[in-house]
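I opened this structure for the first time today and kept a few notes as I went. Here is what I looked up, entry by entry.

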Amino acid sequence: MDRVCGIVGYVGPQQALDVCLEGLRRLEYRGYDSAGVAVVCADGTLRTARRAGELRNLEKLLADSEPLEGTTGMGHTRWATHGGPTDGNAHPHTDCQGVLAVVHNGIIENHVALRAELEAAGHELASATDTEVVAHLLEDAYDPVTGLAAALTVVVNRLEGAFTLLVTHAGEPGLVVGGRRSSPLVIGVGRGETFLGSDVAAFIGHTRDAVELGQDQVVEVRRTGYRVTGFDGLPAETLPFHVDWDLAAAEKGGHDYFMQKEILEQPTAIEDTLRGRLTADGRITLDEERLSDDDLREIDKVFVVGCGSTYHAGLLAKYAIEHWTRIPVEVEMASEFRYRDPVLDRNTLVVAISQSGETADTLEAVRHAKTQKARVLAISNTNGSQIPRESDAVLYTRAGLEVCVASTKCLLAQITATSLLGLALARVLGTKDGEEVAREYDTLEAMPGLVAETLTRMGPVADLARELSPSPTVLFLGRHVGYPVALEGALKLKELAYVHAEGFPAGELKHGPIALIEQGVPVVVVMPSPRSRGVLHQKVLSNIAEVRARGARTIVVAEDGDDAVLPYAEHVIRVPQTPTLYSALVTTVPLQVLAMEFALARGLDVDKPRNLAKSVTVE
Ligand code: M6R
């Protein structure tokens, strides 16, 4: 079962292998356990090549083999779960005759029963994957008169689970057929050529005209265009859109890593997310509003759901939304929310945050909320993706393409977006008038400049990270809005540097975690501002004193002018003075750089950390 793979398909005048390999290079952040291609060759045969490991292993194999020449093809980059990351489990998978090939993203939940049925009928399956059953089911369903799309329509109706599938057949050159349920697939419309991709990055070097495939749809892609039908075989509606970023966004632009580039793009991500949101009468506009002001006025509880870094954006949102609206806000990991029967009704607003818009846990949380009649608002960076499509209102972050698996600029854009949402709600509910909203918006508009200023100070943070990089454990402490920042700092270090890192509320220290402190353990502390949170500031200083007394090395993130930290800190990382509710936008930045440089000092690939993939499209 392959959960979060990258898929590309091509039909046109170019060599399909070149187009597919280029697409796979851009999709590799979706999985890098193996890669493979299938090409319908000029001689009427179907040929495949597959290799475990990163894409470069496949490229080497292809360079040493007879060329795969043909203008119809598809490719796959895999993030393995069941069925190890081996050559034999790499996609594409073929039928017994080797005339049709399948690539797949998702889970075919009834694959065990289907495999048993196929084997009883004499099919020989060669891999440990769920995907291979599709190739053999297609073999049985295929009729040259009705064609490949008809066969796929029959087969998808036998599958349970979430899937995107692409198939090619030696007998139908010039055709790639795709099908999807709860897993993404986008068509790229070029001039005399047509593409398929898990996301638009697959074909962004060729076209920015795209079509989002809907739920339970099958698409036939030819040089001349595409045809979409439902799983019932009837013609179906699709959603065309123009991609508002270009190839440069999918390139490193002179940086060694996407992560470096994306960290530097953060001021622009915030600025773009804010642009044009404030109306003359002090209201904040969303992108899609299928909820009226009257609907919003009925809201008496907010749940924010998300996963990973996005969950941290949710934790930060609680402070702002509660402060401005006086409505209670609960924040929960999407994977937990869905299964514990939370108390929801039509007066509950569920805010689903997802950069990709396709995270399965968050999508299922949205679906559950809707069954309970709650209103759902999505915050996403991906136009037209599944979570926004299934929500009642959408606020898009405009961070541009984020390639690095570790989220940076999208998180800061999400924090910005949740602030906008808090202000929008406050205005509708009447807890803030137009002038107050406009004043907050002005303050938010200053944030890109403050983040840019923070970025100019990162040289010493990189030096410090290199110095700390042999440490096997790093702890992070914070209070109030500094607590989610501490969690984010720890998550970044875990996922990039593979060291034990944990974030704690500083006040919790004495209730257990302080036992972890021993001589030389680095403890990174995110200080509250002494200007607005004087009492808390003093308490956190005491917490630093407590860990120092037990041998910790203290690294303190403190705002300019906070000299009270100096006697407590071995290293001080300075950030500009910022209003408390927006301070995470600056305090997160040095923790991102710390994690990145720490990982680089350990010789690790920060863009593609082990075992991870960018979008997690099944639960
Ligand atoms: O696409 P999403 O925002 O729904 O993704 C959520 C998480 O998977 C994501 O934030 C993850 O935690 C990142 N790798 C963190 O850097």
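**Loops, ligand, helices**

I started with the loops, and found Pro92 in the one between strand 4 (72-78) and strand 5 (93-94). A reminder to myself before going further: this is a predicted model.

I then checked the peptide bond that joins His91 and Pro92, and it is cis, with omega at about 0°.

Next loop: Asp216 sits between strand 11 (209-212) and strand 12 (217-222). I looked up its backbone angle, and phi of Asp216 is positive, about 55°, although Asp216 is not a glycine.

On to the ligand. How many residues surround it? I got 13, and the closest are Ser354, Gln355, Ser356, Thr359 and Glu495.

I went through some side chains there one at a time. For Thr359, an N or O atom of the side chain is 2.5 Å from an oxygen atom of the ligand. For Glu495, a polar side-chain atom lies 2.4 Å from a ligand oxygen.

Which residues meet here? From helix 3 I listed His111, Leu114, Arg115 and Leu118, and from helix 4 Glu132, Val133, His136, Leu137 and Asp140. Sorted by class, the contact of helix 3 with helix 4 has four nonpolar, two polar and three charged residues.

Helix 7 (residues 266-274) was next, and I found it packing with helix 13 (residues 409-429) at an angle of about 30°, the axes 9 Å apart. So helix 7 is roughly parallel to helix 13. The crossing of helix 7 with helix 13 is right-handed.

For that contact I wrote down Gln266, Ala269, Ile270, Thr273 and Leu274 on the helix 7 side. On the helix 13 side I have Lys409, Leu412, Ala413, Thr416, Ala417 and Leu420. The classes in the contact of helix 7 with helix 13 come to seven nonpolar, three polar and one charged.

Helix 13 came up again with helix 9 (residues 309-325): their axes come within 9 Å and cross at roughly 25°. Are helix 9 and helix 13 roughly parallel or oblique to each other? Anything under 35 degrees counts as roughly parallel, so helix 9 and helix 13 are roughly parallel. I noted a right-handed crossing for helix 9 and helix 13.

The list of meeting residues took me a while. Helix 9 brings Ser309, Thr310, Ala313, Leu316, Ala317, Ile321, Trp324 and Thr325. Those from helix 13 include Leu411, Gln414, Ile415, Thr418, Ser419 and Leu429.

How values were computed
Residues are numbered from 1 along each chain as its sequence is written. This is a predicted model: local features need pLDDT of at least 70, side-chain atom pairs count only at pLDDT 80 or more; totals for chains, interfaces and linings use all residues. Side-chain values use heavy atoms; hydrogens and water are left out. Axes are lines fitted to C-alpha atoms, for helices over the stretch in contact, and angles run from 0 to 180 degrees between N-to-C directions. Helices (H or I, at least four residues) and strands (E, at least two) are DSSP runs, numbered from the N terminus. Angles under 35 degrees count as roughly parallel, over 145 as roughly antiparallel, 65 to 115 as roughly perpendicular and the rest as oblique. A crossing is left-handed if the near helix is turned anticlockwise from the far one by less than a right angle, and right-handed if clockwise. Contact means heavy atoms within 4.5 Å. Ala, Val, Leu, Ile, Met, Phe, Trp, Tyr, Cys and Pro count as nonpolar, Asp, Glu, Lys and Arg as charged, and the others, Gly among them, as polar. A residue is near a molecule or strand if one of its heavy atoms lies within 4 Å of it. A polar contact is a pair of N or O atoms within 3.5 Å; within protein, one must be able to donate a hydrogen and the other to accept it, and residues adjacent in sequence count only if both atoms are side-chain atoms.
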